[in-house]
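Here is a walk through one protein model, written for someone who likes cut-offs spelled out. Have the viewer open while you read.

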Amino acid sequence: MRLKKIVVVCALLIGVYLLGTFVYLSMEPALRDYCPVTVPGKAPLILNDPADPQHTFKTINDASCLNETRVYDIVAVKTIDDIKQALARAREKKLSVSIAAVRHSMGGQAFFDDALVLDMRSFNRIISLDQENNVLTVESGATWHQIQLFLHEQHLSVKAMQSTDIFSVGGSLSVNAHGMDHTVGSIASTVRSFTIMLADGTVRTVSRQRQPDLFNAVIGGYGLFGVVLEVALEVTPNVMYKRDAVFVTTPEFPAFADQVVKEHTYGLFYAHLSTSPFSFFQDLVIYGYRQLEHEGAFEPLSTVSFVGLRRFLINLSKRRRYAQVFKWLAEKYIDPLIDQRRENNILSRNQVMHDSVEYLENVLIDETDILHEYFIPRRHFVACIKHMGALLKKSSIPVLNASVRMVYKEDNLLNYAPEDMFALVLYLNQKVTVAALHEMETLTRDLIDVVLQFDGTFFLPYQLYFTKEQLRKAYPMIDDFFALKRYYDPDLLFMNNFYAQYAR
């Protein structure tokens with residue numbers, strides 16, 4: 001009897017522990033930008049202003065939760081007049097100006113110490129739709145989520161955007177984002193024109209034909225040239241797709257991707273590398289969306305299902321390697337069976353890209369999720385992935401996801417794709433300790449060194465761990481970029497941490 005009681009008590013304790021773990025790992029934060037993170041060694045920010053007792057500084061952070069910064073004020077922009085007044089106020093008080101919206105950059109690219117920050121999220125009107133030419137004009141704070149809901153009713157869809165819909169149009173322009181539609185390329189290819197307010201307060205209409213230097217600098221220019229006001233975007237008809245899942249080894253992937261391009265097999269296309277420790281970076285699952293004939297209305301857009309369970313599995317993967325094994329087995333064997341048994345693999349174009357990633361939000365204390373992105377020439381993909389995989393496998397930093405997309409040669413000034421490339425997006429988890437922060441810095445630089453050896457580049461919206469030498473090797477035009485910034489903004493009114501760290 002005594003042994004039986006001990007077994008029952010132990011079982012109850014294990015059950016309580018497992019239930020508590022599930023609740024904690026699946027819990028939704030009260031606020032989307034919740035940051036339960038204390039960066040070690042960082043002194044508390046002093047918000048009192050000794051120069052003006054009536055003024056109190058504010059704080060701002062980004063999606064990494066690692067860059068809390070003191071700013072002079074945050075202006076909620078709703079109209080163009082709000083922007084004019086904010087720039088006049090900044091000039092009068094000799095303040096820098098930073099431009100922010102969703103703030104999913106991870107190195108302070110959207111703000112600067114003691115700057116006046118323009119919060120563009122409420123500057124988000126949908127202005128007009130030219131249905132004859134399929135051109136949508138919006139204010140720069142509009143999000144893709146908002147745009148999708150509008151276009152879906154018109155049987156239209158976004159041409160180029162990130163794979164999730166939470167980002168603003170202005171933010172997407174500032175990094176020259178790309179996504180799942182491998183036939184289109186980056187967002188730059190879909191921009192007909194935009195208006196921008198420069199540092200002197202003038203407003204210009206800019207297109208690839210009119211002022212190509214400014215067009216190519218602002219797109220992928222990280223908000224350093226002015227405030228983008230309105231953007232005219234090409235849109236495309238909404239269509240129905242059937243999703244295919246194909247499994248290949250990493251050496252087989254480039255040839256498969258070439259075949260997809262030549263034969264126009266898929267309208268949308270991306271891949272996930274295996275993050276299971278038993279096949280790490282050796283295999284891929286390719287998701288291809290094959291267009292179907294469709295007439296009539298489209299089903300209303302729906303949200304992602306099983307958010308709590310998805311959040312739990314992602315957070316479990318941060319703690320247990322076996323969760324990555326299960327994730328890969330599920331992608332390889334369970335998902336295809338589910339797709340065969342029901343029609344959840346038949347989706348509209350808008351539905352495929354209608355993902356607000358609520359399942360990535362969590363309440364985990366003193367850890368954060370970090371994105372990396374690398375651009376690898378297609379001819380070097382297999383060799384480069386082998387070296388990167390070896391580095392990542394040695395690291396203690398969990399790789400939660402590794403996706404691969406196709407990008408094409410770009411011609412904007414700060415160009416991440418000087419030739420056709422594969423984009424590798426890493427979703428990593430990081431503890432916020434001195435040792436973990438140092439390990440992430442070292443890993444980032446080591447991964448960049450590998451990519452540079454294979455004539456690749458890296459994406460600039462993330463942590464500013466890369467050296468000036470690495471920046472110049474990946475972006476040999478960087479000095480021209482900084483010089484053009486100073487030409488259009490000689491007093492350096494528009495400022496962010498990226499420019500301060502690498503140009504000054």
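Predicted model: local features only at pLDDT ≥ 70, side-chain atom pairs only at ≥ 80, totals over all residues.

Strands β17 and β18 pair in the antiparallel sense over 8 bridges. Pairing here means that DSSP finds at least two bridges between two strands. Strands (E, at least two residues) and helices (H or I, at least four residues) are DSSP runs, numbered from the N terminus.

Residues are numbered from 1 along each chain as its sequence is written, and side-chain values use heavy atoms, with hydrogens and water left out.

Zoom out and you get an open sheet of 8 strands with antiparallel pairing, in the order β15-β12-β14-β13-β17-β18-β16-β19. At its edges are β15 (346-348) and β19 (457-458), each of which pairs on one side only. Helix α10 packs on this sheet and touches β13, β16 (367-377), β17 and β18. The direction of α10 makes about 155° with that of β16. For such angles, axes are lines fitted to C-alpha atoms (for helices over the stretch in contact), and values run from 0 to 180 degrees between N-to-C directions.

## Strand β16, enclosed

How many of the residues of β16 are buried? The count is 11 of the 11, so β16 is largely enclosed by the rest of the structure. Buried means under 20% relative accessible area, exposed means over 50%, and partly exposed is in between (1.4 Å probe, protein chains only). In a regular strand the side chains alternate between the two faces of the sheet. In β16, Glu367, Asp369, Leu371, Glu373, Phe375 and Pro377 point one way, while Thr368, Ile370, His372, Tyr374 and Ile376 point the other way.

On the pairing side, β16 and β18 run antiparallel over 11 bridges, with His372 opposite Leu426 in β18. The antiparallel pairing of β16 with β19 has 2 bridges, and Tyr374 stands opposite Phe458 in β19.

## Helix α6 and its buried side

Helix α6 covers residues 253-263, and its buried residues are Phe253, Pro254, Phe256, Ala257 and Val260. These cover an arc of only 160° around the axis, which puts them on the same side of α6. The arc is taken from the directions from the helix axis to the C-beta atoms. Over on the other side of α6, you'll find Ala255, Lys262 and Glu263 exposed.

What do the buried residues of α6 pack against? Their partners are β12 (240-249), β13 (268-273), β14 (283-292), α10 (381-394), β17 (399-407) and β18 (421-431), where contact means heavy atoms within 4.5 Å.

## The three-stranded sheet

There is also an open sheet of 3 strands, ordered β3-β5-β4 with parallel pairing. β3 (73-76) and β4 (97-100) stand at the edges with a single partner strand each, so one side of each is left without a neighbour in the sheet. On average, neighbouring strands of this sheet are turned by 25° against each other, direction ignored. β3 is joined to β5 (residues 116-119) by 4 bridges, and the bridge partner of Asp73 in β5 is Leu116. Helix α2 (residues 80-93) lies across β3, β4 and β5, running at about 170° to β5.

Asp119 belongs to β5 and is buried, with a relative accessible area of 12%. The side chains of Asp119 and Arg121 are joined by a polar contact of 2.7 Å. That term means a pair of N or O atoms within 3.5 Å; within protein, one must be able to donate a hydrogen and the other to accept it, and residues adjacent in sequence count only if both atoms are side-chain atoms. Not counting residues up to four places away in sequence, Asp119 touches Ile74, Val75, Ala76, Val77 and Ala100.

## One disulfide

A search of the whole structure finds 1 disulfide, meaning a pair of cysteine sulfur atoms within 2.5 Å. Cys35 and Cys65 form it, with their sulfur atoms 2.0 Å apart. The torsion about their S-S bond is about -80°, so the disulfide is left-handed. Cys35 is in the loop between α1 (2-26) and β1 (58-60), and Cys65 is in the loop between β1 and β2 (69-71), so the pair ties together parts that are 30 residues apart in sequence.

Cys35 is partly exposed at 27% relative accessible area, whereas Cys65 counts as buried at 10%.
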